[in-house]
Amino acid sequence: MTTALPAARRGGVRAAEKSTDRAARPGVLWVVPAALFFMVFAGLPLLLVAVLSFTSWNGLGTPRFNGLDNWSRLLSDSSVWQSLRISAILTVLCWAVQTPLALLLGVWAAGRQRNRAVLSSIFFLPLLMSTAAIAITWLTLLDPNFGLAAKWGHYIGFPDGNIIGSPRGALGCVVVVVAWQFVPFHTLLYQAATRQIPQSLYDAATVDGAGRVRQFRHITLPQLRNTIVTSSVLMLVGSLTYFETVLILTGGGPGSATNILPQHMYMTAFRDYQMGYASVIALALVALGTALSLLIVRFSGFAKMRSTLEGI
Amino acid sequence: MADVRLRGAHRAVRGRRLTERPNWGAGVAAVVWLAFVIIPIYLMVKDALQTTDSYLDGGPLSLPRHVTGHNFVDVFDRGFTRYLINTAIVTVASAALTVLLAFPAAYAIVRSRSRAVSGIFRLFLAGLAIPAQATIIPVYLLITRMHLYDSLTAIVLPTVAFGLPLSILVLASALRDVPRELYEAMTLEGGGSVRLMWSLALPLSRASLTTVSVYCALNAWNGFLFPLILTQSDEQRVQTLGLYNFQGQFSSNIPGLMAAVLLSAFPIFVVYLFARRWLVAGMAGVGGK
């Protein structure tokens with residue numbers, strides 16, 4: 001009886017709903033065009049990359065199956081593992097540089113003073129430029145003969161100005177350029193999230209005599225927890241897009257100092273025309289990206305991410 | 001540190017609201033960041049406006065001495081107009097096609113009771129995680145097999161496909177806010193699904209439609225990866241690839257190169273001036289991917 005009653009009531013509600021809601025409902029046909037398009041040009045490639053990883057293909061003609069050749073080659077290819085290491089270092093460095101900067105700037109920009117609005121609109125200028133335009137502008141700044149690097153290089157330990165020509169310097173350049181390009185976006189995330197923190201929390205803390213630093217530590221930071229996770233995941237997944245910056249800025253060099261995994265894959269595929277082997281590296285990229293995101297989701301209570309994103 | 005905290009306590013006693021107090025730490029960081037952002041942009045504009053000789057002579061941050069428009073003429077002479085037109089075609093086509101496909105899909109996802117539709121929605125959500133970089137080899141294979149290699153269409157197709165998941169997500173969450181009663185009221189006036197979408201859902205989600213269009217257009221205008229692997233000839237070149245090519249050719253002509261960079265970003269700077277709100281909303285979408 002106890003279970004029958006709510007069931008009956010639920011049925012009743014549904015019936016009532018049906019009687020008032022006669023609005024037309026669109027069918028599956030409405031999503032088919034978008035779904036087909038997406039499957040052909042994004043879903044299918046993901047499957048194809050797995051298939052291609054078992055083939056040998058030079059970019060022309062037909063891919064030929066060669067079993068596990070590419071995979072066994074991967075295991076003994078030290079250049080891939082080297083690239084993986086550089087990717088990891090670059091990703092961590094970029095994260096460590098961008099997160100505190102974006103957090104600090106975002107909290108600052110969340111204030112509603114007029115001068116902040118003007119300054120913020122300048123902050124976001126890099127967001128408008130293409131990666132190509134940004135990388136090329138920086139490349140001219142870093143030119144060891146004529147650029148800013150030639151004049152200011154000696155202040156940061158490069159008396160000859162050739163920052164981009166030294167292994168460590170080149171890696172640093174990529175981090176700086178990536179930060180220049182992407183910190184504004186993450187600032188935007190933190191700004192939006194900070195504005196949603198209830199003022200009453202700060203008022204209560206003020207009454208209790210907490211200063212700015214303590215308020216930042218005990219109110220702002222915990223309240224921004226979800227945003228920090230969101231922004232970090234986006235940075236991790238986004239580290240694949242550093243490829244464009246690396247390709248233009250350093251081409252993976254000097255030597256292989258900035259040869260990150262996507263760069264390695266691109267060169268293997270479109271310079272050496274070993275598309276099959278490059279597909280193995282591509283699959284590794286997919287697996288790595290997915291695994292990292294899942295790990296973060298698992299260990300940080302990512303379920304609330306959507307509500308944080310909706311605040312933008 | 002202690003000083004900051006003391007001052008904080010002092011102010012608190014006076015009962016001022018915290019967010020209205022100047023925050024010196026963050027303020028200093030903001031000014032430093034401002035300089036960091038402005039210096040490359042200033043140099044870009046300055047270099048584009050001066051002759052090669054004065055570029056080589058002048059100090060890095062000095063004001064331009066011989067202002068000239070010659071670099072822009074030079075860039076146009078080398079075919080940059082063609083690249084800008086190609087990019088504009090790709091941009092308009094990509095944004096239009098994305099919205100055309102995404103809006104009916106988002107509408108159905110919100111309104112339909114079909115299981116298949118919610119299944120497809122989950123597919124799009126999963127699609128958010130597909131990195132474009134990892135699929136360039138099969139996309140190249142597909143495009144060459146479709147005999148589309150080295151055409152603007154080749155750029156548009158994958159650009160749209162990878163823009164769809166986020167566009168649908170944004171549009172669907174906007175459409176959820178349209179009250180059910182409105183649909184019912186309009187049904188009483190005798191409207192089918194098409195009319196409900198056209199004269200109810202569409203006008204009520206105009207803001208999100210603009211955001212999505214801006215996001216797609218910005219992505220297409222600044223796109224580099226797909227043009228890089230899917231086009232080759234000068235006739236089909238878009239501006240980002242044009243810049244990449246110039247960078248090889250212009251190694252000694254930095255002012256010319258910077259003029260090209262400035263031209264490539266100019267249309268977006270103009271949009272930013274007049275429609276900042278939409279652009280910022282659209283950009284929030286860009287990184288959301």
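Which residues of chain B does UniProt list for "domain: ABC transmembrane type-1"? In an unreviewed entry, UniProt gives residues 84-275 of chain B for this feature. Please keep in mind throughout that the model is predicted. In the model, the span 84-275 of chain B is 79% helix and 0% strand, and its end C-alpha atoms lie 21 Å apart.

The unreviewed UniProt entry also places the feature "transmembrane region" in chain B, at residues 24-45, 83-109, 121-143, 155-175, 196-221 and 254-275. I shall take two of these segments as examples. Residues 196-221 of chain B are 96% helix with 0% strand, and 33 Å separates the end C-alpha atoms.

I turn now to the domains of chain B. The domain assignment divides chain B into domain 1, residues 2-68, and domain 2, residues 79-288. Where the two meet, 8 residues of domain 1 are in contact with 9 residues of domain 2. About 710 Å² is buried between these domains of chain B, and carbon and sulfur atoms give 82% of that area. On the side of domain 1 that touches domain 2, helix H2 (24-49) and helix H3 (52-57) of chain B each supply at least two residues. The largest share, 4 residues, comes from H2(B). By class, this side of domain 1 holds 4 nonpolar residues, 3 polar and 1 charged.

Let me finish with the interface between the chains. Here, 98 residues of chain A are in contact with 107 residues of chain B. The area buried between chain A and chain B is about 9,300 Å², with 77% of it given by carbon and sulfur atoms. Within chain A, the residues that lose the most area to chain B are A:Trp30, A:Leu128 and A:Arg212, which together account for 9% of what that side buries.

Which polar interactions does the count give between the chains? Between chain A and chain B there are 0 salt bridges, while 5 residue pairs are in polar contact, both residues being at pLDDT 80 or more. Helix H2 of chain A, residues 32-52, contributes the largest share of the side of chain A that touches chain B, namely 15 residues. That side of chain A comprises 70 nonpolar, 18 polar and 10 charged residues.

Note on methods
Residues numbered from 1 in each chain as written. Chains lettered and ligands numbered in written order. Predicted model: local features only at pLDDT ≥ 70, side-chain atom pairs only at ≥ 80, totals over all residues. Heavy atoms only, no water. UniProt positions renumbered as here; feature names shortened; annotations may be inferred. Domains from an automatic or database assignment. Contact = heavy atoms within 4.5 Å. Buried area = accessible area lost by both parts, 1.4 Å probe. Nonpolar A, V, L, I, M, F, W, Y, C, P; charged D, E, K, R; others polar. Salt bridge = Lys/Arg side-chain N within 4 Å of Asp/Glu carboxyl O. Polar contact = N/O pair within 3.5 Å; in protein donor to acceptor, adjacent residues only side chain to side chain.
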